[in-house]
Amino acid sequence: MHRVLFFLLLLTLPIFVCAQTVRPTRSIGVDGNIMDEGPSKPGVISKKDKPSITAYKIITVNKDTTFVDTTLHIYKDYKFNYLRKDNFELLPFSNVGPKYNQLSYSFDDKFSPIGGFGAESKHTNFYEADDIFYYHVPTPLTELYFKTAVEQGQQLDAFFTTNVKRNFNFSIAYKGVRSLGNYKRSLTSSGNFRSTVNYHTLNKRYQLKMHFVSQDILTQESGGLTAGAIQQYLEDSEEVGDRSLLEVNLTGAENVLKGKRFYLNQVYQISKSDSLSRNSLTVGHILNFSDKKYLFQQTTPSPLLGPSFQENNLRDEVKREDVYNEVFVGLKNKSLGELRLDAGLTNYNYGYNSIIHFETETIPNRLIGETVSVGAQYTNNFAGFDIELSSKANILGDVQGNFLGGQVSYTLNENNAVAVKLQTKSEQPNFNFLLYQSDYINYNWNTHFKNEKTNLLSAQLESKNIANLELSFGQINDYAYFALNQDSLVNPYQSGEQVEFVKMKASRQFEFGKFALDNTLLYQKVLKADDVLNMPQFVTRNTFYYQDHWFKKALFLQTGFTFKYFSNYRMNGYDPVLSEFYVQNHTEFEGFPMLDFFFNAKIKQTRIFFKLENLDDALLGNDNFSAPSYPHRDFTIRFGLVWNFFL
């Protein structure tokens, strides 16, 4: 891999070097002032001209641009967690870490030509290519995120970016988490390293976005509480006030997901629209070179997971290496809109180092192949309607699949906007549904699953006066899932019945002077095949808080309570060998409330967060579960901060 990566870097280096030979001219800086592009002191900004916060730009790979936000509002509180995003539709486990049970599902995901890797519970904290941002800043920018963990540990996310030149930005970041947890065998440890480059020539004809990430996400696996420990937990016995005394099903077991990725996206503008021409033409190239490894290991096997080939030192290891190359052409006309055509080649290599022979079947060790895909994207604004159309299809190779989607949005006025989206896709299930090997005999299969076919229709209203509303209806054919077999062991299955579901979500904030009430309500129902897709019908979150400036506006604070509740449902189980959730229909778990008290403050560019999590457990006791045999998180006191430095 390292030799291939080095070779790819050598290929792109001449393009990068040659692109810098454009003759310097005068251009407009990020602060809007005309600056000299002389070679002596590039990027120097006068001390008299303090840049606006809007000059610190955050750019997606699709060129959507926002800027650094140092304000404090209630949505920052929702995102101040392990994932650093709103986890309204997720149910956390007892310890800080990657495992979250699903309270809802979203099938509005980007199409993958070959399907996913597997170990989905680990991917909640895994940065994919679309999760990486690029930057353009007038001065060096640093952000530090810190938050305490559940027991003996911390969370840290440190980020730094600077424009080495006006047209060359570099960023580096590392997110690390380690938490012991209150229960036996619940340690979590993860690290996410990210580094990006954002470059363009002075005339902006050539643009380059590049990143490298290296990630590892490890958890010790307990297998949940034993039957006796569950009884003690439910009875809230005094002797188990110390949660570490409760017995668990597994010893010496852990799993880890590791991944590295080199990504490059380069565009060259052959011609651009101006006062003389209404047309522009661009060509580009995308390279995505990634490898992932998942490892489960255990010192001694457990009867809970069935018989095993070995009596000790179990070790299951699977790897996948992908190389994706895409070339594209972009055509833009001021009246007709923008059209992008692309063609991509994916090479994949997934598998193990051995072949397993049973009496009735042989489990191969590897899935190797390649797929050629073509796609098109079209955007335009017609009579005030924003139109977005996209399609992609595998036309050659070992994997079939296709995607077709469209969205029409319209802004009624400054307070109201509507959008309607329709998409259909056929996509191969994750690779661990197709081929899996393990030292546990049950976890060995080689299936021939069909593609999952998903149709989704959704509508959205954003209204400051009414509410933000989302409505979606979905159909899934040949839905792949994990479930228990007749021996109560986990196996892959594919539904022969069409799955249908409807989902409605509404959110609205009401303000009463210095007080506010923020509400989010979710209703969802599986209309057909509710035995393969489990989720509660109702989920609600309500936050009542006070906010004001204190000490002559030197400090801005928010304090209040957040209440979250979901209704009864057949909660999915968790499997430690696969690091996947599986469908279980034997037990319905009662929904329960979660009450947090928070006190947040902002001083200059620093946001401070203090929270009493699951305050209701401190008052009423905790006998709730995040998955069958896995207790929900106890009451805990946590605090942290987000601190921005602008040099």
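Okay, aromatic pairs: searching the whole structure turns up 42 of them. Keep in mind that this is a predicted model.

What I like here is where the two partners come from. Are they buried or exposed? F80 has a relative accessible area of 6%, which makes it buried. F609 is at 5% relative accessibility, so that one counts as buried too.

Next, a whole group of rings. Ring pairs tie F117, Y348, Y350, Y352, F431, F433, Y436, Y440, Y443, W445, F449 and F482 into a cluster. In soluble globular proteins, nonpolar side chains tend to be buried together. Here the largest nonpolar core has 41 residues, and the members touching the most others are Y294, Y350, Y436 and Y443. Several elements supply at least two residues each, among them β13 (253–271), β14 (279–298), α4 (431–434) and β27 (480–484). Which element gives the largest share? That's α4, with three residues.

Skipping its neighbours within four places in sequence, Y350 is in contact with a list of residues including F117, V318, R320, L367, F431 and Y436. There's also a second, separate core of 19 residues, and L103, L225, Y569 and F592 are in it.

The charged end of R340 sits over the ring of F328, 3.9 Å from the ring centre. For K175, the charged end is over the ring of Y82, and there the distance to the centre is 5.2 Å.

Now, sheets. Strands of a sheet pair through backbone hydrogen bonds, either parallel or antiparallel. Take the open sheet of three strands, in the order β4-β3-β7, with antiparallel pairing. Why do β4 and β7 each have a side without a neighbour in the sheet? Because β4 (65–67) and β7 (134–136) stand at the edges, with a single partner strand each. From one strand to the next, the twist averages 30°. β3 (residues 57–59) and β7 are joined by three bridges, and in one of the pairings I59 has Y134 of β7 as its bridge partner.

Strand β20 (residues 385–397) pairs antiparallel with β21 (residues 402–413) over nine bridges, and S390 has G405 as its bridge partner. How many residues does the hairpin from β20 to β21 run through? Four. Then β21 and β22 (residues 416–427) run antiparallel too, joined by eleven bridges. The hairpin there goes through two residues, and N413 stands opposite N416.

Last stop, A459 in strand β25 (residues 452–463). A459 has a relative accessible area of 33%, so we call it partly exposed. Beyond its close sequence neighbours, those within four places, A459 is in contact with A419, V420, L469, E470 and L471. And its C-alpha atom is 8.8 Å from that of L422, which is 37 residues away along the chain.

Conventions:
Residues numbered from 1 in each chain as written. Predicted model: local features only at pLDDT ≥ 70, side-chain atom pairs only at ≥ 80, totals over all residues. Heavy atoms only, no water. Buried < 20%, exposed > 50% of the residue type's maximum accessible area, 1.4 Å probe, protein only. Contact = heavy atoms within 4.5 Å. Pairing = 2+ DSSP bridges. Axes fitted to C-alpha atoms, helices over the stretch in contact; angles between N-to-C directions. Core = buried A, V, L, I, M, F, W, Y, C linked by side-chain atoms within 4.5 Å. Phe/Tyr/Trp six-rings, centres within 6.5 Å; stacked < 30°, edge-to-face > 60°. Lys NZ or Arg CZ within 6 Å of the ring centre and 35° of its normal.
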